[in-house]
Amino acid sequence: MIKFVTSNSHKYEEAKALFKSKNIELSWVKMEYEEIQAEDNELICRDSCMKLTEKIDSPFFIDDTGLYIKSLNGFPGPYASYVQSTLGNSRIMEIGAGSEAHFKTVIGFSMESEIYTFTGILNGHIAKKESGTNKFGYDPIFIPEGYDKTLAELSTEEKNIISHRGRALDKFMDFLSSRGIK
Ligand code: ITT
Ligand code: NA
């Protein structure tokens with residue numbers, strides 16, 4: 001049984017669908033934790049994982065995700081959560097519509113006092129209007145490369161196949177099975 005520590009129900013639902021397809025049991029530790037400020041979300045992820053090791057029995061993992069908009073020099077990057085709640089999607093489109101962008105997820109896994117990280121990236125661009133009914137963060141304004149619709153117009157399964165989180169979790173699940181962990 002692997003614990004996923006996150007306050008975000010969308011992240012949990014996506015991970016649950018993937019883990020289910022591999023028959024790995026997942027449990028949700030729904031809690032918020034503080035994050036340091038840094039440019040690099042791998043660093044943030046490692047730091048959070050280390051601090052959580054004092055509070056939560058391992059094995060557990062966390063997910064740190066950033067959105068990097070090219071025409072805005074990578075903004076909001078690791079501040080994606082703060083910017084989503086302060087500016088929101090319509091204001092982001094005013095300054096970033098049409099620009100190339102990418103999501104980056106870093107999974108941090110704590111096991112036997114070691115921390116392992118797994119990264120996934122999804123390239124795409126910022127839409128000119130919001131669309132889609134899956135209202136998870138920036139999904140209604142993010143069009144993945146090779147698509148003409150937003151992430152919010154894809155099902156969880158479709159998103160998982162191509163997404164930053166899906167790719168990071170695939171690497172993570174490969175690691176788990178190579179260690180015989182269920
Ligand atoms: P945690 O408790 O797991 O930290 P969080 O929502 O605070 O949950 P982050 O710190 O990683 O998560 O913030 C990233 C923000 O970026 C998040 O709040 C969403 O608004 C957005 N986001 C993350 N993953 C996304 C995805 O797959 N699609 C769209 N938006 C996403
Ligand atoms: Na967070």
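This is a predicted model: local features need pLDDT of at least 70, side-chain atom pairs count only at pLDDT 80 or more; totals for chains, interfaces and linings use all residues.

Analyst: Let's start with Pro-76, which sits in strand 4 (residues 76–77). Residues are numbered from 1 along each chain as its sequence is written, with chains lettered from A and ligands numbered from 1 in the order in which they are written.

In the loop between strand 3 and strand 4 you'll find Asn-73, a non-glycine with a positive phi, near 55°. Asn-73 counts as exposed because it has 8 other C-beta atoms within 10 Å. The scale, with C-beta atoms placed from the backbone, runs like this: 20 or more others within 10 Å is buried, 12 or fewer is exposed, and in between is partly exposed.

There's another cis bond, from Ser-58 to Pro-59, with omega near 5°. Pro-59 belongs to the loop between helix 2 (41–52) and strand 3.

Strand 3 (60–69) and helix 3 (80–86) are the elements giving two or more residues to the shell around ligand 1. That shell holds 18 residues, and Thr-6, Ser-7, Ala-80, Ser-81 and Gly-137 come nearest; being near takes a C-beta atom, placed from the backbone, within 6 Å. By type, the shell splits into four nonpolar, eight polar and six charged residues. Nonpolar covers Ala, Val, Leu, Ile, Met, Phe, Trp, Tyr, Cys and Pro, charged covers Asp, Glu, Lys and Arg, and the others, Gly among them, are polar.

Strand 3 also meets helix 4: the buried residues of helix 4 pack against strand 3 and strand 6 (114–126), contact being C-beta atoms, placed from the backbone, within 7 Å. Those buried residues of helix 4 (residues 88–96) are Asn-89, Ile-92 and Gly-96. Down the helix 4 axis they fall within an arc of 60°, so they line one face; the arc is taken over directions from the axis to the C-beta atoms. Facing away from that buried side are the exposed Ser-90, Arg-91 and Glu-94. After helix 4 comes Gly-98, with a positive phi near 85°.

Note on methods:
Helices (H or I, at least four residues) and strands (E, at least two) are DSSP runs, numbered from the N terminus. Two residues are in contact if their C-beta atoms, placed from the backbone, lie within 7 Å.
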